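Dear colleague,

Please read them alongside the coordinates.

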Amino acid sequence: MKLFPGQETCPHCKTVYRYADLKKLGRQKQTECYHCHKTIRIKRTGIVMLALELLVLYAIVNVLMLTVVTGVSFWALFIVNMAPAVLAAVLLPLYAELKKDK
């Protein structure tokens with residue numbers, strides 16, 4: 001499992017899959033490499049790391065908002081807490097791992 005995602009590569013031919021390529025794959029469990037046409041599996045085990053990173057970010061933001069800023073309203077906390085969730089949705093395709101099909 002990666003701490004921070006990078007570019008994924010095809011395990012057969014080492015073709016780089018960019019963000020847009022991974023986003024197009026969506027929720028597929030396997031696909032065919034667009035370069036070598038071999039079957040590869042898509043694992044989503046990095047979602048656990050994304051959830052942990054998001055949890056730490058939430059904790060830091062909430063502690064800072066409640067201790068540093070006085071008179072914080074519910075809506076301010078709600079908006080600040082929604083920002084990491086939107087960020088996580090954008091980063092989700094980067095947490096996919098490409099593996100050889102058995």
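Lys-43 stands opposite Glu-97 in S5, a strand of residues 97–100 that runs antiparallel to S4 and is joined to S4 by 4 bridges. Strands here are DSSP runs of E with at least two residues, and helices are runs of H or I with at least four, each numbered from the N terminus; two strands pair if DSSP finds at least two bridges between them.

This is a predicted model, in which local features need pLDDT of at least 70 and side-chain atom pairs count only at pLDDT 80 or more, while totals for chains, interfaces and linings use all residues. Residues are numbered from 1 along each chain as its sequence is written, and side-chain values use heavy atoms, with hydrogens and water left out.

S4 (residues 39–43) also pairs with S3 (residues 30–32), in the antiparallel sense and over 3 bridges, with Thr-39 as the bridge partner of Glu-32. S3 and S4 form a hairpin with 6 residues between them, and His-37 in the turn has a positive phi of about 60°. In a regular strand the side chains alternate between the two faces of the sheet. In S4, Ile-40 and Ile-42 make up the covered face, whereas Thr-39, Arg-41 and Lys-43 make up the uncovered one.

Thr-15 lies in the loop between strand S1 (8–9) and strand S2 (16–17) and is buried, at a relative accessible area of 13% (buried means under 20%, with a 1.4 Å probe and protein chains only). Not counting residues up to four places away in sequence, Thr-15 touches Glu-8, Thr-9, Cys-10, Cys-33, Tyr-34 and His-35, a contact being heavy atoms within 4.5 Å.

With regards

How values were computed
Buried < 20%, exposed > 50% of the residue type's maximum accessible area, 1.4 Å probe, protein only.
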